[in-house]
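Have the model open as you read.

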Amino acid sequence: MSTSADNPIYGPFFGVMGAASAIIFSALGAAYGTAKSGTGIAAMSVMRPELIMKSIIPVVMAGIIAIYGLVVSVLIASVLDEPKNYTLFQGFTHLGAGLAVGFSGLAAGFAIGIVGDAGVRGTAQQPRLFVGMILILIFAEVLGLYGLIVAIFLYAKKN
């Protein structure tokens, strides 16, 4: 059943789950951010169609969240190996890396979606809200970046 004490046969399972978690949860956050911001853009563009391109910023920022998860997923997948060459420690750190970037991406996507929706609707009524919306979106985006930084540190950890 087990190849050795440090390299059990189920070790790579945790690495695979880390790679999957990274892309699944960050893509969920990006999708929510895109959908929620998109509904705000659609509602706003009925009255102010000239603001559509200016209001695309939250959608772009939500898409970047998915890129963070993709990067970590590819990093983890590139070092996955058969059980005799892949330690349980590596599996656990890769799972932690995937969960860190995935869940922080999910949270950032939720924040971007809610701020983007309210922000583009508010900007249509009061253009001076635009700069404030962008600042809040940056603070929401950085939550995903924090998860990426932690994930890279965990990924690079050696036993």
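R48 and E50 join their side chains in a salt bridge, with N and O 2.7 Å apart; the term stands for a side-chain nitrogen of Lys or Arg within 4 Å of a carboxyl oxygen of Asp or Glu. The model is a predicted one, where local features need pLDDT of at least 70 and side-chain atom pairs pLDDT 80 or more, while totals for chains, interfaces and linings use all residues. Numbering starts from 1 along each chain as its sequence is written, and side-chain values use heavy atoms, without hydrogens and water.

By this rule there are 4 salt bridges, including these:

| Pair | N to O distance |
|---|---|
| R48 and E50 | 2.7 Å |
| K36 and D117 | 3.5 Å |
| D117 and R121 | 2.7 Å |

K36, D117 and R121 form a linked network of salt bridges. K36 belongs to helix α1 (residues 11–47) and D117 to helix α3 (residues 88–125), so their pair ties together parts 81 residues apart in sequence. Helices here are DSSP runs (H or I, at least four residues), numbered from the N terminus. D117 and R121 share helix α3, 4 residues apart, or about one turn.

Buried means under 20% relative accessible area, exposed over 50%, and partly exposed in between (1.4 Å probe, protein chains only).

F153 sits in helix α4 (residues 129–156) and is exposed at 63%.

Methods: Helices (H or I, at least four residues) and strands (E, at least two) are DSSP runs, numbered from the N terminus.
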